[in-house]
Amino acid sequence: MAAQNEIGGKFTIDIEDLKNGISQANRLMRLADSEFKAAAAGLGNWADCAEGLTAKQKQLNTAVDLQNAKISALEQEYARVAQAQGENSAAATNLKIRINNETAAREKNRAELERVSSALDELEKNADSAAGAADDLADKEKKAAKAGEDAGSGAESFGAKAKAAAVGGVKALKGIPHGNGQAGGGIYHGRPHHRGGQENL
């Protein structure tokens, strides 16, 4: 039975048909790259938005996975050839060169994937912070509006009480007699009356 490397259940490299397996992996990598370009085409600078960064992250993940499969298949083929023909044989040397080149390409993609993932995390973190700040501002505005309403209600209540007190004061003043002698302590302003017409000396 042929040795195989599988990715996600949809990609297989048959070690007994290495050439076709590597070609298939390369086609899938080109497909992933074209899908990213299509997704990023209308985004302007894809690195400035979450949608673009997510699309690039997906493309790089696919590339790294496919390169891992190619490297694994090449290493198995190298081991077989080195054992059969020797490590210094032309076939083994050529396989070693291919392994090194694939490894370098994979590490380059891994480094870019790390940068893209970090940028996406930072962008999402900033978006969360902005959303939190907006919520805080909305809460402060609501509290300020409530405080204004409470202050208005307090002023109206104070005005009503002041008005009631003034009305009560006016009513109290109206109830006080003024010089008619009908209330205790009233002042008498008439001339004295004398019996017999003269005052006794």
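Which side chains does a polar contact of 3.0 Å join? They are those of Glu102 and Lys70, a polar contact being a pair of N or O atoms within 3.5 Å, where within protein one must be able to donate a hydrogen and the other to accept it, and residues adjacent in sequence count only if both atoms are side-chain atoms. The model is predicted, so local features need pLDDT of at least 70 and side-chain atom pairs count only at pLDDT 80 or more, while totals for chains, interfaces and linings use all residues. Residues are numbered from 1 along each chain as its sequence is written, and side-chain values use heavy atoms, with hydrogens and water left out.

**Helices H1 and H2**

- Helix H1 covers residues 18-40 and helix H2 residues 50-85; helices are DSSP runs (H or I, at least four residues) numbered from the N terminus.
- The axes of H1 and H2 come within 9 Å and cross at roughly 170°; axes are lines fitted to C-alpha atoms, for helices over the stretch in contact, and angles run from 0 to 180 degrees between N-to-C directions.
- H1 and H2 are therefore roughly antiparallel to each other, a label for angles over 145 degrees.
- Residues making the contact (heavy atoms within 4.5 Å) include Leu18, Ile22 and Phe36 of H1 and Ala55, Leu66 and Lys70 of H2.
- By class, this contact of H1 with H2 has 13 nonpolar, five polar and four charged residues; Ala, Val, Leu, Ile, Met, Phe, Trp, Tyr, Cys and Pro count as nonpolar, Asp, Glu, Lys and Arg as charged, and the others, Gly among them, as polar.

**Glu102 and Lys70**

- Glu102 is found in helix H3, residues 90-174.
- Glu102 and Lys70 form a salt bridge, with the closest N and O atoms 3.0 Å apart; the term means a side-chain nitrogen of Lys or Arg within 4 Å of a carboxyl oxygen of Asp or Glu.
- Lys70 lies in helix H2, so the pair ties together parts that are 32 residues apart in sequence.
- Glu102 is buried at 17% relative accessible area, and Lys70 is buried at 3% (buried is under 20%, exposed over 50%, partly exposed in between, with a 1.4 Å probe and protein chains only).
- Leaving aside neighbours within four places in sequence, Glu102 is in contact with Gln67, Lys70, Ile71 and Leu74.

**Other salt bridges**

- The whole structure has six salt bridges.
- Arg106, Glu107 and Arg110 are linked in a network of them.
- Glu107 pairs with Arg106 at 3.1 Å and with Arg110 at 3.0 Å.
- Glu107 and Arg110 are three residues apart in helix H3, and are therefore separated by about one helical turn.
- Arg106 is buried at 14%, whereas Glu107 is partly exposed at 36%.

Conventions:
Helix = DSSP H or I, 4+ residues; strand = E, 2+ residues; numbered from the N terminus. Parallel < 35°, antiparallel > 145°, perpendicular 65-115°, else oblique.
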